[in-house]
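I opened the model and kept notes while I looked things up. The entries follow in the order I made them.

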Amino acid sequence: MIKKYLLSLASILLLAFTLQGMANEAQPLQSDAAVEAQVQRLATQLRCLVCQNQTLADSHAELAQDLLQEVREMAAKGMSDQAIIDYLVARYGDFVRYKPPLNKTTSLLWLGPFALLFLGGIGLLVMLRRRQAMQAELPLTAAETRQINELLK
Amino acid sequence: MKKALIPFSLFIIMAGFLFKGLFLNPREVPSPLVGKPAPAFSLPRLDQPAKTFSPKDMLGQVWLFNVWASWCGACRDEHPLLVGLAKTGLVPVVGMDYKDTAAEAEQWLTERGNPYLLSAVDADGRVGIDYGVYGVPETYVIDKAGVIAYKQIGPVTLESLRDDILPLVKRLQAQ
């Protein structure tokens with residue numbers, strides 16, 4: 001009886017160890033929570049170049065997985081966010097950053113909307129001024145004044 | 001009459017930009033590597049895994065570095081061009097077999113011809129990341145000093161070979 005009990009206990013333990021071994025194998029280098037947090041933070045800031053409108057975090061492309069692994073290894077080495085981004089920019093260009101930096105080629109992208117807003121504001125101002133001037137230039141005629149007085153009586 | 005011209009001209013300007021946009025390829029991301037030394041690496045050769053290849057082995061000559069894989073559909077399109085180019089002997093082409101298995105790669109080359117001086121094997125894609133590879137095939141023109149002069153993303157075409165790559169190779173060879 002006891003022998004049977006011990007045997008089943010041993011097999012349960014064995015099973016537990018096997019399962020644990022498998023779980024460890026599936027997640028390389030994910031032991032450090034801080035590193036993983038950094039990887040996740042960076043994954044939302046970097047672009048997958050295969051599926052261009054997705055971040056590394058969203059993408060399931062093979063290259064995205066490779067890049068994430070690369071980022072994870074760099075993070076595990078203690079590199080800062082900026083150092084890791086610089087490393088990837090040196091290879092893939094600014095395009096790899098999901099939020100484009102402000103520089104000469106992207107100035108139109110960043111400043112264009114403000115320029116359009118400014119132009120639109122000027123256009124609106126000019127139009128309003130003109131309308132005001134038009135109203136001022138049109139005093140009531142004698143007939144209109146008479147009509148108003150009639151109505152107000 | 002004059003007032004109606006303003007929205008119309010705005011429309012024409014916008015249409016002009018959009019029309020230009022039709023002919024741009026969003027996949028062509030300008031590589032920051034052009035003008036920089038080709039990243040160093042040492043990878044086993046496909047034909048002789050015991051030997052390694054390193055870009056510095058090619059110092060002193062202009063060469064093409066072509067990233068390919070047997071699983072890559074567009075590589076199939078450009079392959080005959082590379083085979084033809086190899087026959088002319090104008091410029092040596094070194095291949096890099098990207099995230100592939102040796103058996104499939106060997107079979108691919110036997111079936112379609114081998115235009116490569118040799119192929120380096122980048123099984124895990126690490127060197128690919130150093131070269132900013134994101135869409136196989138990609139082709140680099142590397143000059144005598146080992147500096148990347150040009151990067152072609154996507155398959156080499158007859159036009160790109162005739163209009164861009166070969167004139168550049170000739171110019172670099174004359175230097």
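How many residues does H3(A) have, and how far does H3(A) reach from its first C-alpha to its last? I counted 15 residues and a reach of 21 Å, close to the 21 Å expected at 1.5 Å a residue. The expected span is 1.5 Å times one less than the number of residues. Helices (H or I, at least four residues) and strands (E, at least two) are DSSP runs, numbered from the N terminus.

**Ground rules.** This is a predicted model; local features need pLDDT of at least 70, side-chain atom pairs count only at pLDDT 80 or more, and totals for chains, interfaces and linings use all residues. Residues are numbered from 1 along each chain as its sequence is written, while chains are lettered from A and ligands numbered from 1 in the order in which they are written.

**Confidence.** I checked the scores next. The model has ipTM 0.74 and pTM 0.72. For chain B the mean pLDDT (the predictor's confidence in each residue, from 0 to 100) is 92, and 99% of its residues reach 70 or more.

**H3 of chain A.** I listed the buried residues here: A:Leu63, A:Ala64, A:Leu67, A:Val71, A:Arg72 and A:Ala75. Buried is 20 or more other C-beta atoms within 10 Å of a residue's own, exposed is 12 or fewer, and partly exposed lies in between; C-beta atoms are placed from the backbone. The buried residues of H3(A) pack against helix H2 (33-43) and H4 of chain A, together with helix H4 (126-130) of chain B. Just after H3(A), A:Gly78 takes a positive phi of about 90°.

**Interface.** I then looked at where the chains meet. 13 residues of chain A are in contact with twelve residues of chain B; contact is C-beta atoms, placed from the backbone, within 7 Å. On the side of chain A, helix H3 (62-76) and helix H4 (81-92) are the elements that give two or more residues. That side divides into eight nonpolar, two polar and three charged residues. Nonpolar covers Ala, Val, Leu, Ile, Met, Phe, Trp, Tyr, Cys and Pro; charged covers Asp, Glu, Lys and Arg; the others, Gly among them, are polar.

**Chain B overall.** I found five helices and seven strands. From the N terminus on, they run α-β-β-β-α-β-α-β-α-β-β-α. The radius of gyration of chain B is 20 Å, well over the 16 Å that the globule rule gives for 175 residues, so chain B is more spread out than a compact globule. That radius is taken over C-alpha atoms, and the rule is 2.2 Å times the number of residues to the power 0.38. The C-alpha trace of chain B spans about 80 × 35 × 30 Å along its principal axes. Buried residues make up 36% of the chain.

**H5 of chain B.** Where is the kink in H5(B)? I located a kink of about 35° at B:Ile165, shortly before the proline B:Pro167. The bend is the angle between axes fitted to the seven residues ending at a residue and the seven starting there. B:Ile165 is also one of the buried residues of H5(B), with B:Leu161, B:Val169 and B:Leu172. These pack against helix H2 (73-88), strand S6 (138-142) and strand S7 (148-153) of chain B.

A cis peptide bond joins B:Val136 and B:Pro137, with omega about 0°. B:Pro137 sits in the loop between H4 and S6 of chain B.

Definitions and conventions:
Contact = placed C-beta atoms within 7 Å.
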